Amino acid sequence: VLVLLFIPATMLFGFLAGLIGLVWPILAIPFAAVAWALLIYIIKIAEWTSSIPLASIEVKGFALPMLIAYYAILIFVMWTETKKLAKMPV
């Protein structure tokens, strides 16, 4: 949530820096600097939130039967939803 609003701006300034850099490399520097600053902010927030205790939980092992059951359920749900969509009038 802390970085979500900055992602589109970072992508935009990175794109503009690349596009303008193809034609006028010197004019791309301000756009690249803004993209760089936004990326530093995003990385620092990610590093800060990763240091919060219990921010992540390590799963030691994932049993093969659990994996097979998960994919079986996923395929079944996708199959039933696809059938529902196919029956819908256009």
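Modeller: A search of the whole structure finds three salt bridges. The term means a side-chain nitrogen of Lys or Arg within 4 Å of a carboxyl oxygen of Asp or Glu. This is a predicted model, so local features need pLDDT of at least 70 and side-chain atom pairs count only at pLDDT 80 or more, while totals for chains, interfaces and linings use all residues. Residues are numbered from 1 along each chain as its sequence is written, and side-chain values use heavy atoms, with hydrogens and water left out.

Take lysine 84 and glutamate 81. Their side chains meet at 3.3 Å, N to O. They are three residues apart in helix 3, which puts about one helical turn between them. Helices here are DSSP runs (H or I, at least four residues), strands are E runs of at least two, and both are numbered from the N terminus. Glutamate 81 is partly exposed at 38% relative accessibility. The scale is simple: buried is under 20% relative accessible area, exposed is over 50%, and partly exposed lies in between (1.4 Å probe, protein chains only).

Lysine 44 and glutamate 47 form a salt bridge at 3.8 Å, N to O. They are three residues apart in helix 2, again separated by about one helical turn. Glutamate 47 is partly exposed at 44%.

Lysine 60 pairs with glutamate 58, at 3.8 Å, N to O. Lysine 60 is exposed at 75%. Glutamate 58 is exposed too, at 62%.

Now the chain itself. It has three helices and zero strands, in the order α-α-α. The radius of gyration, taken over C-alpha atoms, is 22 Å, well over the 12 Å that the globule rule gives for 90 residues, so the chain is more spread out than a compact globule. That rule is 2.2 Å times the number of residues to the power 0.38. The C-alpha trace spans about 55 × 50 × 20 Å along its principal axes. Buried residues make up 8% of the 90.

Threonine 10, in helix 1 (residues 6-23), is buried at 8% relative accessibility. Beyond its neighbours within four places in sequence, threonine 10 contacts (heavy atoms within 4.5 Å) Ala35, Leu38, Leu39 and Ile42. Glycine 21 also sits in helix 1. Glycine 21 and threonine 82 are 61 residues apart in sequence and 45 Å apart in space, C-alpha to C-alpha.

Between helix 2 (25-50) and helix 3 runs a loop that holds leucine 54. Leucine 54 is not a glycine, yet it has a positive phi of about 60°. It is exposed at 76%.

Next, the surface. The chain exposes about 7900 Å², with carbon and sulfur atoms supplying 80%. Areas come from the Shrake-Rupley method with a 1.4 Å probe; for residues, only the protein chains shown count as cover. One nonpolar patch of about 1100 Å² includes Val59, Phe62, Tyr70, Tyr71 and Ile75. Patch residues have over 30% relative accessible area and no salt bridge; like charges are joined within 9 Å, nonpolar side chains (Val, Leu, Ile, Met, Phe, Trp, Tyr) within 5 Å. Isoleucine 75 belongs to helix 3 (residues 64-87) and is exposed at 57%.

Last, the rings. Those of Phe, Tyr and Trp (its six-membered ring) pair if their centres lie within 6.5 Å; planes under 30 degrees apart are stacked, over 60 edge-to-face, and the rest tilted. This gives four aromatic pairs. Tyrosine 70 and tyrosine 71 make an edge-to-face pair, 5.3 Å centre to centre with 75° between the planes. Tyrosine 70 is partly exposed at 49%, and tyrosine 71 is partly exposed at 44%.
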